[in-house]
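Biologist: Before we start, please show me the model, and then take me through how to read it.

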Amino acid sequence: MPQTISILCIDDEPLFLDAFRARLEQEIDLAVTPASTTLEALELLNRQYFDVIISDYSMPDMDGLALLREIRARGGQSIFIVATAKRLAHIAKDALNTGADYYLQKGADMANEVSRLIDFIRTRVPQKNAEYELIAWARFYNSIVDNGAELICRIKPDGALSFVNEPCVHLFKKSYRQLVQENFFTYVPDNERPEILACLRELTPEKPDCLLLHHILAGDGRTLTLEWGYHVLFSAQGGVQEYQLTGRDPKGLIRIGTTKTEGERGLSAATGSSQETPEEKPGELGELIATLQSLDAPVFAVDKHGVIIAWSTKLAELTGADTDAMVGKGNREYAVPFYGEPGPMLIDHVITLPGTDADGDLPATKKVGDTLVGERVQVTIRGKPMYLWAKCSPVYDAAGRLIAAIEAIAVSEPQEQAGGAGSEEYLGGISSLTLKVSGLGVGGSIAGAIGSSTGGYGVYATAKRLFIIRNPELDASASQGVQFGTFLMDELFGNVVDTRQKSLGELENTRIFEVEKGEIEKITLKKPVLLSGYLEISKKGGSSFRVYIDHKKAYTYIENMMKLFAPDFLHLE
């Protein structure tokens with residue numbers, strides 16, 4: 001029986017798609033998966049490889065050649081066929097020049113065209129597979145990261161090993177040739193196998209991954225507790241082909257904003273493990289503390305006893321309270337720089353100190369997942385009235401024990417302190433890491449469109465003026481530590497977006513572009529689809545300024561704000 005050839009067929013005309021699929025599937029060696037949009041096709045390609053992709057040229061969301069370029073940019077090597085009912089020579093020429101393998105002309109002679117197409121597919125697929133076999137193996141081997149610390153292997157559905165990397169060879173004390181003739185589950189204790197297999201049976205193309213903590217029998221006789229990630233690989237027909245496993249030692253792992261899962265608790269209990277996780281040591285938080293101290297954001301952290309273990313440089317600059325003076329203090333003294341005396345803050349919802357009321361005098365809050373969000377409150381910082389807004393998250397160790405809590409602070413000036421704010425109505429604004437600006441000209445436009453520019457900008461409007469600002473709290477390029485800081489703030493704030501009201505003083509101090517409503521000729525908004533969208537402000541004098549938008553939620557916020565600010569000038573693309 002010939003090997004089945006998987007085909008992804010994309011067309012926005014349901015009648016044609018159904019008829020075309022039915023014709024191809026008359027051939028026993030062709031398996032067709034339909035898609036009515038290019039976005040649906042790209043989602044399928046994220047989960048599955050297809051030998052052949054047949055795409056209509058004219059699609060509403062992206063034409064066939066743009067889809068081809070996107071797939072090739074992702075490294076996809078499937079045979080690509082462009083189909084169209086338009087009899088235009090330049091389409092065929094452009095398709096082949098872009099990298100298409102075949103051009104299918106829809107029309108009256110479709111029956112003969114499809115027969116020729118099937119012959120081409122049957123001839124070209126084996127040829128292309130042979131051409132890329134060595135390249136694909138090299139890419140596969142390199143992607144395994146043979147020199148890394150993680151244990152990586154592949155197993156068949158019955159557990160037979162088909163690949164192991166060098167760390168596996170060292171763990172099991174056997175050669176590669178020996179291991180690929182053995183079964184992975186012979187190295188798993190008997191009482192744990194049923195639950196692991198039950199978890200694997202629950203995996204689907206929509207949810208192909210699971211993370212399990214279970215024991216493994218090492219080649220030197222030790223029984224180790226390792227964290228294993230299982231990823232299932234499906235065939236075109238939906239059957240399980242293989243599992244890729246990634247194992248690592250969870251010791252020293254610090255979890256932020258999440259507790260040990262029920263699945264881990266259940267599996268640990270099922271293993272009957274008597275191995276106790278030792279109490280946390282001060283050194284376990286060392287790396288986290290060092291990062292927080294240098295973080296370019298106002299952040300502090302306390303241990304489980306309420307003692308300050310980190311007070312960032314940015315927070316020290318804001319409050320005037322020196323880091324060395326604050327670290328080591330307890331009894332709620334973290335509140336002194338804000339309220340003038342020790343007292344509860346948002347972080348006390350996470351860390352309950354002995355002798356304090358768990359709910360009585362704590363600030364109001366709402367919970368989003370494991371993150372606590374506080375209400376805006378008025379405080380006095382260094383003698384100056386300010387509004388304070390905070391979010392807080394717990395920190396757990398690898399065993400799921402609470403070991404610390406982190407609170408991130410954001411402040412703004414009251415409107416009456418900004419000087420004349422009452423004379424200019426504030427409409428709204430948003431800052432986000434998904435908002436970027438780039439230089440003028442074609443090069444800058446391309447850089448912004450593909451997302452290479454640094455984000456952290458904001459768009460704000462009053463009844464009279466429009467501001468583009470550089471938000472210092474979202475500057476992802478400020479220092480080396482901000483790479484982790486961005487991750488941390490994302491964990492604490494959910495999506496690194498600032499929609500808090502800003503005073504005119506703040507807007508004027510951080511602006512990089514400002515325009516009055518009367519100076520505007522046109523405002524253009526383009527929604528992000530595959531490439532970035534943008535907001536372009538064109539002035540009557542001929543100059544313009546563009547902000548790139550990577551996220552649809554940010555786009556929606558800005559669109560609604562522009563409809564309030566200048567609906568007569570707004571053009572949507």
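Modeller: Start with one residue. Leaving aside neighbours within four places in sequence, Tyr-230 is in contact (heavy atoms within 4.5 Å) with residues including Phe-184, Ile-196, Leu-200, His-214 and Leu-245. This is a predicted model, where local features need pLDDT of at least 70 and side-chain atom pairs count only at pLDDT 80 or more, while totals for chains, interfaces and linings use all residues. Residues are numbered from 1 along each chain as its sequence is written, and side-chain values use heavy atoms, with hydrogens and water left out.

Biologist: Which residues have the most contacts inside the largest nonpolar core?

Modeller: In soluble globular proteins, nonpolar side chains tend to be buried together. A nonpolar core is a set of buried Ala, Val, Leu, Ile, Met, Phe, Trp, Tyr and Cys residues joined through side-chain atoms within 4.5 Å; buried means under 20% relative accessible area, exposed over 50%, partly exposed in between (1.4 Å probe, protein chains only). Here the largest such core has 29 residues, and Phe-184, Leu-200, Ile-216, Trp-228, Tyr-230 and Leu-245 have the most contacts inside it. Strand 9 (223–234) is among the elements that each supply at least two residues, and the largest share, six residues, comes from strand 9. Helices (H or I, at least four residues) and strands (E, at least two) are DSSP runs, numbered from the N terminus.

Biologist: What is the strand order in the open sheet of five strands?

Modeller: Two strands pair if DSSP finds at least two bridges between them. In this sheet the order is 2-1-3-4-5, with parallel pairing. Strand 2 and strand 5 (102–105) stand at the edges with a single partner strand each, so one side of each has no neighbour in the sheet. Six bridges join strand 1 to strand 2, and Leu-8 has Thr-33 of strand 2 as its bridge partner.

Biologist: Which residues are linked with Glu-27 in a network of salt bridges?

Modeller: Side chains of opposite charge can pair when their charged atoms come close. A salt bridge is a side-chain nitrogen of Lys or Arg within 4 Å of a carboxyl oxygen of Asp or Glu. The network links Arg-23, Glu-27, Asp-29 and Arg-122. Glu-27 meets Arg-23 at 3.0 Å, N to O, and Arg-122 at 2.7 Å, N to O. Arg-122 lies in helix 5 (residues 110–143) and Glu-27 in the loop between helix 1 and strand 2, so this pair ties together parts 95 residues apart in sequence.

Biologist: Is Glu-27 buried or exposed?

Modeller: Glu-27 counts as buried, at 18% relative accessibility, whereas Arg-122 is partly exposed at 33%.
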